[in-house]
Amino acid sequence: MMVRDERRFKMADKDGDLIATKEEFTAFLHPEEYEYMKDIVVQETMEDIDKNADGFIDLEEYIGDMYSHDGNADEPEWVKTEREQFVEFRDKNRDGKMDKEETKDWILPSDYDHAEAEARHLVYESDQNKDGKLTKEEIVDKYDLFVGSQATDFGEALVRHDEF
């Protein structure tokens, strides 16, 4: 892990001074949020999943990252769906494996807005009366959810804004 963390730190350290600014440290912790860090996210993902170290993720490695047979002959339906996803959508060039670009499209889709997804998640989980709006009481009732959210800067926004 030290080698991996050092590589990620050096990528996050834009000015190369080996001292992390707040932004550089945030990029180190959440590399998927920074354009200049996305290659390291792909590299780390491929290293984790590519068990035969051929530089690609094949179908069995892809499934093996999510599901272990453990002697069970029947796969759950969701695993069959994932197999279809791999063949139909993940392996774009149909060569039986995902390369770097295909892996990037899978884990960092360009049409996915993390902030929007997190905001929708917070509203969905907290909006008790399902009116699409959050009251102060609804936020306080789910305070732990908001404090753990990147969307609220891990609770800091709740302190800085009078409306909360």
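**Ground rules.** I kept to residue numbers that start from 1 along each chain as its sequence is written. Because the model is predicted, local features need pLDDT of at least 70, side-chain atom pairs count only at pLDDT 80 or more, totals for chains, interfaces and linings use all residues, and side-chain values use heavy atoms, without hydrogens and water.

**Fold.** I looked up the secondary structure and found 10 helices and two strands; these are DSSP runs numbered from the N terminus, helices being H or I of at least four residues and strands E of at least two. Along the sequence I read α-α-α-β-α-α-β-α-α-α-α-α.

**Burial.** I see 28% of the 164 residues counted as buried (under 20% relative accessible area with a 1.4 Å probe, protein chains only; exposed is over 50%, partly exposed in between).

**Rings.** I found six aromatic pairs; Phe, Tyr and Trp rings (for Trp the six-membered one) pair if their centres lie within 6.5 Å, with planes under 30 degrees apart stacked, over 60 edge-to-face and the rest tilted. One of them is F9 with F28, edge-to-face at 6.1 Å centre to centre and 70° between the planes. It joins helix α1 (residues 2-12), which holds F9, to helix α2 (residues 22-29), which holds F28, 19 residues apart. F9 is partly exposed at 23%, while F28 is buried at 15%. I also noted that ring pairs link F9, F25 and F28 into a cluster.

**Charges over rings.** My cut-off here is NZ of Lys or CZ of Arg within 6 Å of the ring centre and within 35 degrees of the ring normal. I have K97 over F56, 4.4 Å from the ring centre, and K130 over Y124 at 4.9 Å.
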